[in-house]
Amino acid sequence: MWMSWDAERAPVDATQYDFDQRDTSLRGQLRRRFRGWLNRRVPPAREVTLDQRRIFILPSRTGVFFGCCLLVMLVAAINFENNLSYALTFLLATLFVVATLHTYANLSGLTIRAMRAQPAFPGQQTEFLVMVERSKQRDHYALYLKWSGSSETMVNLVDADRVKVQLHMQVDKRGWFRPGRLLLESTYPLGLLRCWTWIDLDLHALVYPRPIASAELPGLATDTPDGAAAMVMGNDDFYGFRDYRKGDSLRQVHWKGLAKGQSIQTKQYTAYADRSVWLDWELFPGMGVEQRLSHLCYWVLVFDERREEYGLRLPGVTIGPALGEKHREQVLKELALFGKGEAGR
Amino acid sequence: MNVLQQVPRNALMWIIISLFALVAPHIGRLPIWVLAVYVIAVVWRLQVHRGRWSFPGRWVKVAMTTSGFVGIYASYGTLVGLEPTVALLLTAFALKFIELSQRKDAYVLLFLGYFICITEFLFSQDLLITLYSVINVLLVTTALVALHQPGLDQFNRGTMRLAGVMLLQAVPLMVVLFFVFPRFGPLWTVPIKSHAAKTGMSDFMKPGDVASLSQSDEVAFRVKFDGEIPEKSALYWRGLVFSRLEQDVWSGLGYYDVPLEEQRPDEVAISGQPLRYSVIMESTQQNWLYGLRYARARSPGVMHSSDFRMMSPAPLESEYLYRVESWTDVPVDLDLSDWRRKTETKLPPQGNNRTRELALELRESAGSDEAFVEQVLEKFNSEDYVYTLQPGRLTGSNPIDDFLFQARRGFCEHYASAFVFMMRAADVPARVVAGYQGGEINPLNKTVIVHQFDAHAWAEVWLENRGWVRVDPTSAVSPLRIEMGLEEAMASEGSFLAAAPLSPLRYRSIPLLNQLRLRYDALTYRWQSWVVGFDSEQQFDLLHTLFGEISTRVFATLLLGSWALVLVPVAISLFFKRDTYPVSPLDKYYRLFCDRMAELGLIRGPGETPGHFAQRAVEALPGFADELRRITGLYNDLAYAGVKDKDELAQFTRAVSRFRPDRRRGLLEEDTTL
């Protein structure tokens with residue numbers, strides 16, 4: 001498939017607009033039509049450069065208030081037959097018009113690029129990283145970014161050509177979390193006009209299953225030949241150092257030694273040097289899918305904490321025992337996307 | 001409190017600057033404590049900004065607002081009227097500043113600032129005030145821009161640049177709107193009037209009034225003649241007619257003093273070419289207008305009275321332009337009604353008996369009214385009467401007797417008053433006329449500048465077959481005054497503008513200063529006639545000369561055309577900025593290619609090589625396989641081997657330009673090939 005190049009790219013989620021599809025009221029229909037129109041006008045993309053097709057501009061609430069003030073001024077000018085009051089009123093009215101172009105120029109030519117979405121557990125805040133970049137040598141001020149429900153931020157592009165923006169948002173359900181459309185808004189320079197765009201950055205955060213503690217693993221599968229299912233509770237006995245190899249967890253780096261000027265070394269512990277554990281779907285018989293995944297997730301974290309090698313066996317998925325951040329993320333991703341369709345992998 | 005909505009420090013500084021700049025031109029009209037409020041407000045708000053004090057609580061705010069109202073009432077004795085209203089507005093402006101915390105507060109404050117600029121224009125539309133107000137508007141706009149530049153924690157002068165640029169861009173359209181926007185009368189009468197006293201004529205005259213007016217170098221009005229300017233000695237600007245003498249005070253007839261049948265001015269048989277001129281009056285807070293007898297206003301809305309004065313229906317609150325035609329030679333009021341004759345010969349029953357006796361004596365010896373007039377003038381001329389700005393006070397119960405027989409020193413009003421008294425004593429209809437005489441001719445723009453010190457009083461006598469005839473007793477005493485003006489007449493006395501040592505008019509003998517003064521006055525005239533005095537009539541003339549027939553189509557074209565003329569360059573200057581990363585033509589065209597593909601849903605991923613992308617594209621759109629491969633191949637050659645000759649590049653750009661992918665066709669050809 002031509003879109004499969006992007007590992008972070010989520011499948012087109014049929015359930016995303018579920019609510020809308022069921023909503024047959026007029027409002028729901030209008031909203032659906034608007035979304036459709038918006039999707040055609042500002043299609044989802046990893047990178048969006050703002051142009052007149054994507055930028056909307058209307059007077060802000062302040063602008064309407066300013067318009068009312070102008071009317072009062074005009075009435076004053078008429079009633080006092082005061083020509084300079086006319087002149088000032090017209091100057092400000094024209095300023096309003098000129099401000100349209102300046103406000104529009106503040107968004108025009110900006111490129112918004114999806115960078116990264118931090119995986120998170122349900123109930124936690126995920127972090128979206130977005131890059132805002134200018135293409136013309138002009139200053140951009142007071143760019144306001146927000147997803148519906150996320151934290152908000154305001155950035156300037158004055159001294160730098162690009163700026164990274166972090167936005168946080170709470171997630172709840174396992175699987176791909178789609179934040180919807182990102183609002184980029186600005187009222188610079190006068191606050192009289194609101195210029196904005198809604199962009200679908202095609203950015204998705206992975207939400208892991210909610211970890212649920214279980215007292216012990218009912219039947220632990222290890223890859224030792226005797227098939228012992230005993231839980232390994234051995235305290236992580238320090239075994240020794242070896243030279244750092246690419247892929248070693250940063251937690252095991254012997255930082256103190258490095259700080260003293262020695263070469264970079266990795267601490268080794270006996271426990272995971274000897275044993276590895278299989279976290280198996282079948283360890284939790286009689287439980288529901290979500291519950292199994294939650295328990296498995298919990299144990300992934302436990303073993304990762306203990307620095308013991310672990311593998312994962314789910315229906316259709318097998319990941320050999322290993323250790324390290326990359327391994328953990330891979331395992332957690334499998335748990336997060338289990339049963340959510342093929343394209344996630 | 002929302003952090004994103006806070007007012008940046010830079011904006012706060014600009015708001016403080018605008019605050020003081022806005023109040024500055026009003027200072028003369030404000031009670032001093034309002035300035036104290038400004039200082040307190042700024043100190044308070046800065047202390048809040050530094051975290052030392054806190055914002056005022058609700059009750060403190062209520063207390064401050066109430067004391068503001070009470071203070072204004074105590075200072076002005078009223079809350080109605082222009083000055084108290086503006087003072088209230090300015091006080092509210094300062095108090096609002098204390099509680100400025102969020103952006104929306106700042107909007108209210110700054111929009112109020114714009115409105116305060118307008119209130120300044122209600123008091124004066126002077127050129128200098130206007131220039132100052134332009135600075136104020138710039139400052140307020142700068143503060144508005146600064147409000148939208150978050151993160152500027154230092155005072156930043158650069159903010160002013162954008163505000164200035166935007167205002168400059170707004171000027172051309174403003175000018176078009178100014179000249180095109182229809183001028184119509186007030187939607188409703190504005191009840192508030194300024195209570196500030198103005199220098200100028202009042203509607204009654206007692207000895208010494210005109211002399212005190214002669215101490216002022218303020219401009220009363222400026223006149224522009226359509227043709228040649230008449231002789232200075234002929235410029236008798238008639239404004240008020242005093243027909244009633246009561247307790248030594250001359251006053252005009254009120255509206256109800258004139259019977260209904262006498263209120264309409266008599267028909268005047270006009271003949272000959274009139275003098276045409278336009279007058280721009282400074283604000284006087286009075287109704288009357290000045291003109292050369294016999295004057296008829298060409299501007300609508302000017303009223304004429306039965307004693308041939310012109311009046312504006314409303315007191316002149318600001319500069320006022322009107323156009324006049326004058327026939328200086330035609331006789332007026334050839335037939336005098338009985339009521340008029342009675343009114344214009346009426347004297348108080350007693351007092352000034354020596355004058356009365358002298359008048360009767362002279363009338364008898366003269367034989368005719370005309371000869372009588374000559375005799376009285378001859379008396380002023382031949383005897384030792386002195387024309388002076390310092391006549392001394394006449395405090396007796398018979399002031400005219402005292403003047404004529406003892407003091408013999410007087411200013412124009414003494415002579416006019418004594419002359420008319422004598423005429424009436426001999427039963428000759430006569431009245432005092434007040435206005436201005438002469439004026440300074442500005443050679444730069446051929447205008448006549450009439451100053452307050454040109455104030456003058458003279459007389460009108462009714463003579464058989466000649467009607468009302470102007471007689472100026474002052475000219476009999478001091479011909480120099482009429483021919484040259486007050487300065488020359490007072491040269492020996494040295495009393496000209498004695499109370500105003502700094503007046504530029506005293507330094508007319510220094511050519512450079514005088515040149516500057518006249519140049520500025522010419523500019524003021526231009527300003528007043530084109531901007532301040534611009535009215536529907538001028539508007540019609542202007543549009544008519546520029547565009548001929550005025551139709552809605554012309555209007556629409558004018559507006560739209562000017563919009564395009566102004567906004568297109570602004571847009572160009574805004575959007576044609578240099579690229580941050582200049583793109584080579586090669587990359588530009590490859591991007592165009594990618595954009596075309598993206599339209600079909602084929603988006604090139606980050607880090608995806610062109611070759612890889614092309615392969616993916618060929619799989620999706622087999623119908624375009626050849627073109628896709630060719631373009632990508634050319635691109636790869638040019639990008640990696642370098643652009644060696646232009647032909648190759650042209651080949652590539654042509655290939656991209658011609659490439660118009662179409663999903664349907666791409667898939668269709670796949671079907672046919674299968």
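At what angle do the axes of helix α3 (residues 61-80) of chain A and helix α4 (residues 83-107) of chain A cross? In this predicted model, the two axes cross at roughly 160 degrees and come within 8 Å. Since angles over 145 degrees count as roughly antiparallel, α3(A) is therefore roughly antiparallel to α4(A). As for handedness, the crossing of α3(A) past α4(A) is left-handed.

Which residues make this contact? On the α3(A) side there are A:Phe66, A:Leu70, A:Met73, A:Leu74, A:Ala76, A:Ala77 and A:Phe80. Facing them, α4(A) brings in A:Ser85, A:Tyr86, A:Thr89, A:Leu92, A:Ala93 and A:Phe96. Sorted by type, the residues in the contact of α3(A) with α4(A) come out as 11 nonpolar and two polar, with no charged ones.

Now for chain B. How is chain B, with its 674 residues, spread out relative to a compact globule? The globule rule gives 26 Å for a chain of 674 residues, but the radius of gyration of chain B is 38 Å, well over that value, so chain B is more spread out than a compact globule. Along the principal axes, the C-alpha atoms of chain B fill a box of roughly 135 × 65 × 50 Å.

Definitions and conventions: Residues are numbered from 1 along each chain as its sequence is written. Chains are lettered from A and ligands numbered from 1 in the order in which they are written. This is a predicted model: local features need pLDDT of at least 70, side-chain atom pairs count only at pLDDT 80 or more; totals for chains, interfaces and linings use all residues. Axes are lines fitted to C-alpha atoms, for helices over the stretch in contact, and angles run from 0 to 180 degrees between N-to-C directions. Helices (H or I, at least four residues) and strands (E, at least two) are DSSP runs, numbered from the N terminus. Angles under 35 degrees count as roughly parallel, over 145 as roughly antiparallel, 65 to 115 as roughly perpendicular and the rest as oblique. A crossing is left-handed if the near helix is turned anticlockwise from the far one by less than a right angle, and right-handed if clockwise. Two residues are in contact if their C-beta atoms, placed from the backbone, lie within 7 Å. Ala, Val, Leu, Ile, Met, Phe, Trp, Tyr, Cys and Pro count as nonpolar, Asp, Glu, Lys and Arg as charged, and the others, Gly among them, as polar. The radius of gyration is taken over C-alpha atoms; the globule rule is 2.2 Å times the number of residues to the power 0.38.
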